[in-house]
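Welcome! Please take a moment to look over the sequence and the 3D view before reading on.

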Amino acid sequence: MTLSSRVAIFALSAIVAGCATSVDEGEIAAKATAALKGSFRPSGQAGLDRLDQDETQRVCSAVAGKVPPKEIAAKIEQTNLATVRYPADGKLLGDWKNGEKIAQEGRGMQFSDSPGGPVGANCYACHQLSPTELSFGTIGPSLYRYGKQRGNGVDVQRYTFAKIYNSEAFTACSNMPRFGHKGILSEQQIKDLTALLLDSASPVNQ
Amino acid sequence: MMVLRAALALAAMAIAPALFAQGSTADEIAKYRAALRDGNPAELWEVRGEALWKQKRGPKQVTLGGCDLGLGAGVVKGAYAQLPRYFADADRVMDLETRLVWCMVQLQGYTEADAKKNPFGSGNEKKSDLEALTAYITSEARGAPMKVALSHPKEVEAYRIGEKLFFFRGGTHDFACATCHGEDGKRIRLQDLPNLMTAEGAQKAYTSWPAYRVSQGELRTFEWRLYDCFRQQRFPELVFGSDAAIALTMYLARNANGAPYDGPAIKR
């Protein structure tokens, strides 16, 4: 993120906090942040730095579950899109079989998880994907037949890779984690998930 | 007698999953809960907690009979349905668990570290006195309407901080409480998620804690519920009795106002 875009988002965040509310509201926000900082202890791989918000987190917290105003949403999307690192080898599709394992894996990054252990995306927690997996959540849309509906062209591949890499690049304040940007998944894991969604042999597209 | 009923319920649980073959999973889980309700193993914690409440304990060898949970010294009946609240003696808003620690320190002479060193139990190896006491006090509020006041300025402040924290996105995954608990009719995998921003959702969720968790063989308190939500949010470890824990409890308890308190419950 460039310095100028960071400053721009910060200013917008101040506007969001300022228009909807009074000075008192800012005071409560400051007290909430202080309460938070004093209420956690570092544990395992989860340090207190996880409570330090970036601009996107700050703005999306301030809108309190609502959709941010258009110009603010556009700014969030623009700055997040700029973070996406596409594979240097130009190949966006990995192995859908590995992708399915990553989509099933719920462990990773919790203070209770072993630091060297598996880190998954747990896609099924929120999305329907392969029709044979009945235990899927509904926080996100169904992705069954994702590739069948969209085709498998380079543009779709790039969009899909980028969406997994940084969901906020396309939907400001999305509920979906920014798997690449926040270092949750490796580039190869994101390629494998892209294949799970787009490969014509993937169960998602049957 | 109560212990026997609970033991029978535990035995029934071992065979119950075999009965799940038909109907939607959510329906079957609802039936399962209803079937177990009459013999909720939470009673084991309630009985132990009642004994702990009445027993002379700690360096000062006194009971908790003089503990004021908000309705006067020693008044247990219905107290939980009006917590958290501001306590002038501590000059702080407290939830039940924090207040119990306060009483153990002030009345029984425990050090604060000793009183809260074991907030969550783990089966037979590690029993938690706080968990048992919480089960007893909450069971004495069953049926009482939730009536959490925002009359003291510090109660209002705790509520508003709790609301802010509910929307606080952080950690590696950008999760806030609202990520999972801000919309109706959503679920994680097959687990239904209450929308805690609505009165109905907050009422249904808040009034059913503490709960005996069948999958864990353990009674879980509301402090534990928050602790484990934050673990899954990829946050660091929530400190027991911390300001954030109490503020969030205040926000959710107050949103549940009007509904009859219905715990300790039993959950999957």
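Here is a short briefing, grouped by topic.

This is a predicted model, in which local features need pLDDT of at least 70, side-chain atom pairs count only at pLDDT 80 or more, and totals for chains, interfaces and linings use all residues. Residues are numbered from 1 along each chain as its sequence is written, while chains are lettered from A and ligands numbered from 1 in the order in which they are written.

**Confidence**

- Chain A has an average pLDDT of 91, and 89% of its residues score at least 70; pLDDT is the predictor's confidence in each residue, from 0 to 100.
- Over residues 1–21 of chain A, pLDDT stays under 50, and the model has 29 contacts beyond four places in sequence for this stretch. Two residues are in contact if their C-beta atoms, placed from the backbone, lie within 7 Å.
- Where pLDDT is low, the predicted coordinates should not be read in detail.

**Chain B and its helix α7**

- Chain B contains eleven helices and eight strands. Helices (H or I, at least four residues) and strands (E, at least two) are DSSP runs, numbered from the N terminus.
- Of the 268 residues in chain B, 49% are buried. A residue is buried if 20 or more other C-beta atoms lie within 10 Å of its own, exposed if 12 or fewer, and partly exposed in between, with C-beta atoms placed from the backbone.
- Helix α7 (residues 153–166) of chain B has 14 residues and spans 20 Å from its first C-alpha to its last, close to the 20 Å expected at 1.5 Å a residue; the expected span is 1.5 Å times one less than the number of residues.
- α7(B) is mostly covered, with ten of its 14 residues buried, among them B:Tyr159, B:Ile161 and B:Phe166.

- A:Lys163 sits in helix α7 (residues 154–165) of chain A.
- A:Lys163 counts as buried because 23 other C-beta atoms lie within 10 Å.
- A:Lys163 is 29 residues from A:Asp192 in sequence and 14 Å from A:Asp192 in space, C-alpha to C-alpha.

**Where the chains meet**

- In this interface, 39 residues of chain A are in contact with 36 residues of chain B.
- The largest share of chain A's side, six residues, comes from α2(A).
- By class, the side of chain A that touches chain B has 20 nonpolar, 14 polar and five charged residues. Ala, Val, Leu, Ile, Met, Phe, Trp, Tyr, Cys and Pro count as nonpolar, Asp, Glu, Lys and Arg as charged, and the others, Gly among them, as polar.
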